[in-house]
Amino acid sequence: MNGALGAGFDWVPLLHFPAEWAALALLVAGCLYWERAGFSGLGVEGCVASAMIGLILGYEWTSSYAAAVGIGALAAVAFGLAAGALLQLLRADMAAGSFCLSLVPACALGLVIRAGPYRIFTEFPAPGLVRGTIFDGTIAEDLVANPFLWIAPVLIALSAWVMWQTPFGLKLRAFGESPALRVPGSSGGIHRFSGIALGAFWTLPAAALLVRESQSNPPAALGFLALACAVAGRWSFAGGILLAAGPALLRAAQPYAEGAGAWSIAAEMAPFLLGLLYLVFLSRRALRFSTTRQARLDPDVL
C-alpha cells in the first residue's frame, strides 16, 4: 500500500521547498537589516522586485548571467538607498512610506513580465545553473545545480555574524535605535544607509532563486511575508528563519491545487494566512505597554 501511494504521488513540486525556504530566509535577513537601521522592513518588498527586474532585463540585454546578477544587485541597492533617502528627506512615516514606495517596483515587475517572453525564462538549460553534473536534464537540476541555493546558508550566517558579532553591527543597531546618537569617528547616517544597502543586497540571491518560477505571475508580497516571520520570531535571525519554513512549504505545495477552483485560491492565500497566525499568536509581546491605573492594560495580552 505504501508503495502504491509513493508511486501515485508526484513529489516534484516539493523539490522547490528548499529554494522557497532559502529565499524567504534571505528576505527575513533583509528585513532585519532594514529594521535595525531604523527603517521599515516593508521596503524589502521593493528591493526584491527591483532585483528581479534587473535580472530579467539584464540577461535580456547582455546575454550574460553574471552581468544580469550584477545589474540585479545594483537595482536592489539603488532602490533601497533611494527609498531611504526619500523617506528621510520627506520625514515620512517609515512603514507607510516603505510600503507605498515598494508598490512601484512591484507593479513594474508585473508589467515587465507581462511584456515578455524573456530569454531568462525560455532558455534551456536554464542560465546560471552549474553544467556538466549527473543531474543535467533531470527534475533535480534546478535544485542541486543552483549555486545560489548552495551559498544561501552561508549568506544567512554571514548576515547574522555581521549584525551581532562585528563593531559595524553594534553601531548599526545603536544608530538605528537612536538616530541622534553621537559617536566620535562614526557617522550615524553612513551606518544606517549601509544597513539599508546590505539589507537590499540580501534580497538578490532570493530574487535569483525565485525568478525562474515567475514566468507568468511574479511572486507578490513575499517581503511582507518575511517581515511577518521576523516580527513573530521576535526580531531574531534564528526565529524568523525557522518560521519561514511554514510559508515556504505552503508555497511549494501550491501546484497540487492548480486547476482546483476554490482550492487553488485557498492555496495562494495559505502562506499569508499562516503569516497572520504567526503575528496573532507569536508576537503578542512585541509591543509592551506598562500596566498603569489609567490604562489598566495587561502587556501579555497585546
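**Exercise 1. Is Ser 159 buried or exposed, and which relative accessibility shows this?**

Solution. The model is predicted, with local features requiring pLDDT of at least 70 and side-chain atom pairs counting only at pLDDT 80 or more, while totals for chains, interfaces and linings use all residues. Residues are numbered from 1 along each chain as its sequence is written, and side-chain values use heavy atoms, without hydrogens and water.

Step 1. Locate the residue: Ser 159 belongs to helix H8 (residues 147-165). Helices (H or I, at least four residues) and strands (E, at least two) are DSSP runs, numbered from the N terminus.

Step 2. Apply the cut-offs: buried means under 20% relative accessible area, exposed over 50%, and partly exposed in between (1.4 Å probe, protein chains only). Ser 159 has a relative accessibility of 0% and therefore counts as buried.

Step 3. List the partners. A contact means heavy atoms within 4.5 Å. With neighbours within four places in sequence left aside, Ser 159 is in contact with Ala 29, Tyr 33, Trp 202 and Phe 237.

**Exercise 2. Determine the surroundings of Gly 195.**

Solution. Step 1. Gly 195 is part of helix H10 (residues 188-201).

Step 2. The relative accessible area of Gly 195 is 0%, so this residue is buried.

Step 3. Not counting residues up to four places away in sequence, Gly 195 touches Tyr 33, Ala 37, Phe 168 and Leu 172. Between Gly 195 and Leu 32, which are 163 residues apart in sequence, the C-alpha to C-alpha distance is 9.4 Å.

**Exercise 3. Describe how helix H2 packs against helix H12.**

Solution. Step 1. The axes of H2 (residues 17-36) and H12 (residues 222-232) are 8 Å apart, at an angle of about 70 degrees. Axes are lines fitted to C-alpha atoms, for helices over the stretch in contact, and angles run from 0 to 180 degrees between N-to-C directions.

Step 2. H2 is therefore roughly perpendicular to H12, a class that covers 65 to 115 degrees (under 35 is roughly parallel, over 145 roughly antiparallel, the rest oblique).

Step 3. From H2, Leu 24, Leu 27, Val 28, Cys 31, Leu 32 and Glu 35 meet residues of H12 that include Leu 222, Leu 225 and Cys 229. By class, this contact of H2 with H12 has 11 nonpolar, one polar and one charged residues. Here Ala, Val, Leu, Ile, Met, Phe, Trp, Tyr, Cys and Pro count as nonpolar, Asp, Glu, Lys and Arg as charged, and the others, Gly among them, as polar.

**Exercise 4. How many of the residues of H12 are buried?**

Solution. Step 1. H12 is mostly covered, with 10 of its 11 residues buried.

Step 2. Phe 224 also lies in H12. With a relative accessible area of 23%, Phe 224 is partly exposed.

Step 3. Apart from neighbours within four places in sequence, Phe 224 is in contact with Leu 42, Glu 45 and Phe 99. The C-alpha atoms of Phe 224 and Phe 99 are separated by 9.0 Å, although the two residues are 125 residues apart along the chain.

Step 4. The buried residues of H12 pack against several helices, among them H2, H3 and helix H11 (203-210). Just after H12, Arg 234 takes a positive phi of about 60 degrees.

**Exercise 5. Summarise the whole protein.**

Solution. Step 1. The protein has 15 helices and zero strands.

Step 2. Of its 302 residues, 45% count as buried.
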